[in-house]
Amino acid sequence: MTKPVLAGVAIVLAAALALFVFWPGQNAVETTEPGAAAPDGPVAERPTEIVPPVAGFTDFRPDIPRHGSSLFGELKYQPDFRHFDYVNPDAPKGGLLRYAVPGSFDSLNGFIVRAEPAAGIGLIYDTLMTQSFDEPASEYGLLAESVRHPADYSSVTYVLREGARWHDGEPVTPADVIWTLEALKAQHPFYAAYYANVTEAEQTGPREVTFRFDQAGNRELPQIVGQFPVLPKHYWTGTDAKGRPRDISATTLESPLGSGPYRVADVAPGQHVTYRRVEDYWGRNLPVNVGSNNFDRIRFIYFRDVTVAFEAFKGGQVDLRIENSARNWATEYDIPPVRRGEIKRDSIPSLNPQGMQSFAFNLRRDKFKDQRVRRAFNHAFDYEWVNRTLFHEQYTRSDSYFANSEMAATGMPEGRELEILEEIRDLVPETVFTEPYVNPKTDGSGNNRANLRRAVELFEEAGWVVKDGKLVNEASGERMNVEFLIDDPTFERVVAPYKQSLERLGIEVRIRPVDSAQYQRRIDERNFDIIVRSFGQSTSPGNEQREYWSCKAAEEEGSRNVIGICDPAIEKLIERVIFAESRADLVAAVKALDRVLLHGHYVVPQWYLATTRVAYWSRLRHPERMPPYSIGFPAIWWHDGAAPADEAP
């Protein structure tokens with residue numbers, strides 16, 4: 001289950017709408033440069049509440065309205081709970097939060113493919129349900145006061161809260177919810193795929209909406225229906241100040257109407273966007289909101305250059321930085337504000353699956369269709385040298401699409417996982433049953449000759465041979481050439497040594513940096529060879545797996561199946577994951593999916609970090625005991641009352 005609207009950095013995904021936007025691959029893609037030693041002594045880590053996952057589903061009556069829902073078992077918080085345990089219920093309201101984001105933006109409509117939506121636009125919207133950050137897969141009512149569904153999971157019914165209203169004072173109605181679902185599915189492939197099994201939404205009571213599904217047994221569907229941002233029908237089907245009809249399918253810089261804790265306050269296209277807290281926000285006293293939404297204003301400042309953004313942070317013009325560079329973390333914080341305690345540094349552990357960060361191939365290119373070619377590229381990548389030389393050995397090599405979780409396939413398949421794989425044995429490589437997946441390794445010295453020799457053998461097996469120093473297809477005479485498409489020029493420091501290794505094999509290699517808008521356009525149009533891509537995962541994988549790996553998604557422009565995977569075994573395993581009847585069955589099905597993906601060699605795995613490195617000015621505060629599944633930024637952070645320079649009286 002991957003939320004369409006992301007909160008903090010619980011799950012870093014490329015979704016249609018996010019609460020805020022990080023630098024490309026923030027906390028995932030490393031933008032670093034070699035050299036320098038690590039700082040003296042460890043960085044202090046704050047305590048984190050560890051909540052073990054529930055072993056299975058509890059026996060409860062789903063047809064009785066409840067205040068929340070959980071995929072794993074009973075809810076942690078009872079109907080009379082006052083606030084989430086991890087928040088500071090007495091956090092003061094006030095202050096300005098400034099956060100740096102990359103590139104530019106051209107729209108305040110974040111629900112269409114061909115647009116660069118403003119960072120933070122999700123802050124103005126509410127959803128039917130909202131996530132708990134100290135449970136793996138639980139949600140509690142926000143716009144909805146209750147949820148119920150039949151035992152066969154063939155539908156779900158939400159009852160809206162009395163008093164929920166838009167910023168213009170109009171009530172949030174079932175008509176808004178129904179219209180939103182239809183509009184989102186029509187405008188964006190993510191929502192079309194995520195809610196493909198939702199066939200009908202109907203008003204079944206004064207404040208009640210029932211969603212009907214085209215299948216039974218999909219345990220995740222009732223819960224994910226509560227995740228989409230609800231939009232005001234009367235606003236989007238009305239006219240603007242000049243009398244022109246609004247169009248949900250078009251870009252716009254008109255400040256949209258929302259129902260959430262913030263509204264758009266100030267917009268400078270391509271430069272910054274500021275949101276102001278809604279003083280009379282209808283949901284401010286709900287238990288799910290107590291201790292949250294504490295900043296009076298949140299400003300997202302755009303930078304074209306990551307170095308300039310870092311300097312702005314060190315100079316006090318940006319308040320918080322989620323550090324995605326091992327080199328920066330090791331060498332760039334020995335500055336007076338850190339020594340004086342004005343800038344704090346935390347490394348906050350996470351129990352979230354880390355997914356797969358990788359060099360991802362475009363299988364629509366004929367040259368990448370043979371998995372032996374893709375395996376050869378993996379042998380040419382010297383991760384151990386990169387980690388030692390560039391990253392100060394801070395990272396772990398990715399060897400799973402569900403790394404850092406119980407769902408990662410390890411060793412040889414056994415038990416329930418093996419039973420699932422046996423059912424599709426004729427559709428998967430025999431190596432799935434005979435060999436554990438292992439990435440090629442080196443000693444980190446930079447001498448990668450053995451792996452390069454193996455790469456040559458794999459290329460030859462696939463019909464590619466070296467002639468006059470060039471790797472060519474023996475049948476067609478075509479030379480192997482590849483382009484690495486990147487939207488962060490600093491990542492060239494990682495790609496450059498990889499380029500050198502590939503060139504030693506006779507491959508013609510280009511590194512093509514482009515701006516974020518062009519990058520996204522080329523990804524949506526599938527106009528690339530190799531990109532850096534992270535496939536984020538949640539604690540409960542489900543329907544979003546179709547959007548990542550299915551044949552249907554492979555054909556859709558703008559979907560998250562950027563690789564172009566279309567495999568009958570994976571199709572069957574996706575359905576196994578979605579229709580798992582217990583937590584144990586889900587884990588086994590995900591392991592089987594992970595194993596088949598790994599043995600397909602669709603990517604060159606990179607690395608992950610099971611912590612979030614955060615540097616922030618001491619005027620910001622966060623709870624002492626952080627939740628295990630998110631750093632909760634900016635929702636549960638607050639300002640201590642000392643205004644930044646440009647806000648001082």
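**Strands, helices and cores**

Tutor: In the hairpin formed by β7 and β8, with 6 residues between the strands, Tyr 153 takes a positive phi near 60 degrees. The model is predicted: local features need pLDDT of at least 70, side-chain atom pairs count only at pLDDT 80 or more, and totals for chains, interfaces and linings use all residues. Residues are numbered from 1 along each chain as its sequence is written, and side-chain values use heavy atoms, with hydrogens and water left out.

Student: How many helices and strands does the protein have?

Tutor: Helices (H or I, at least four residues) and strands (E, at least two) are DSSP runs, numbered from the N terminus. The secondary structure here comes to 18 helices and 27 strands.

Student: In what order do the strands of the sheet with β7 and β8 lie?

Tutor: Strands of a sheet pair through backbone hydrogen bonds, either parallel or antiparallel. Two strands are said to pair if DSSP finds at least two bridges between them. In this case 4 strands form an open sheet in the order β7-β8-β10-β9, and the pairing is antiparallel. Its edge strands are β7 (144–148) and β9 (198–205), each of which pairs on one side only. On average, neighbouring strands of this sheet are turned by 20 degrees against each other, direction ignored.

Student: What is the order of the open sheet of 3 strands?

Tutor: The order is β3-β6-β5, with antiparallel pairing. Here β3 and β5 (129–131) are the edge strands, each pairing on one side only. The twist averages 25 degrees from one strand to the next. Between β5 and β6 (residues 138–141) there are 3 bridges in the antiparallel sense, and Gln 131 has Glu 139 in β6 as its bridge partner.

Student: Is Arg 66 buried or exposed?

Tutor: Buried means under 20% relative accessible area, exposed over 50%, and partly exposed in between (1.4 Å probe, protein chains only). Arg 66 has 16% relative accessibility and therefore counts as buried. Arg 66 is found in the loop between β2 (17–18) and β3 (68–70). Arg 66 and Val 147 are 81 residues apart in sequence and 5.4 Å apart in space, C-alpha to C-alpha. For the protein as a whole, buried residues make up 61% of the 649 residues.

Student: How should I read the packing of α8 and α13?

Tutor: Two packed helices are described by the angle between their axes and the distance between the axes. Helix α8 (residues 371–380) and helix α13 (residues 492–504) pack at an angle of about 120 degrees, with their axes 9 Å apart. Angles under 35 degrees count as roughly parallel, over 145 as roughly antiparallel, 65 to 115 as roughly perpendicular and the rest as oblique. The helices α8 and α13 are therefore oblique to each other. Contact means heavy atoms within 4.5 Å; Phe 377, Asn 378 and Ala 380 in α8 meet Tyr 498, Ser 501 and Leu 502 in α13.

Student: At what angle do α8 and α12 cross?

Tutor: The axes of α8 and α12 (residues 449–461) cross at roughly 170 degrees and come within 8 Å. These two helices, α8 and α12, are therefore roughly antiparallel to each other. Among the residues making the contact are Phe 377 of α8 and Phe 459 of α12.

Student: Which residues touch the most other members of the largest nonpolar core?

Tutor: A nonpolar core is a set of buried Ala, Val, Leu, Ile, Met, Phe, Trp, Tyr and Cys residues joined through side-chain atoms within 4.5 Å. Of the 82 residues in the largest one, Phe 359, Phe 377, Phe 459, Ile 507 and Trp 549 touch the most other members. Helix α18 (residues 583–600) gives the most to this core, with 10 residues. Apart from it lies another core, of 81 residues, among them Leu 108, Leu 143, Leu 160 and Tyr 281.

Methods: Axes fitted to C-alpha atoms, helices over the stretch in contact; angles between N-to-C directions.
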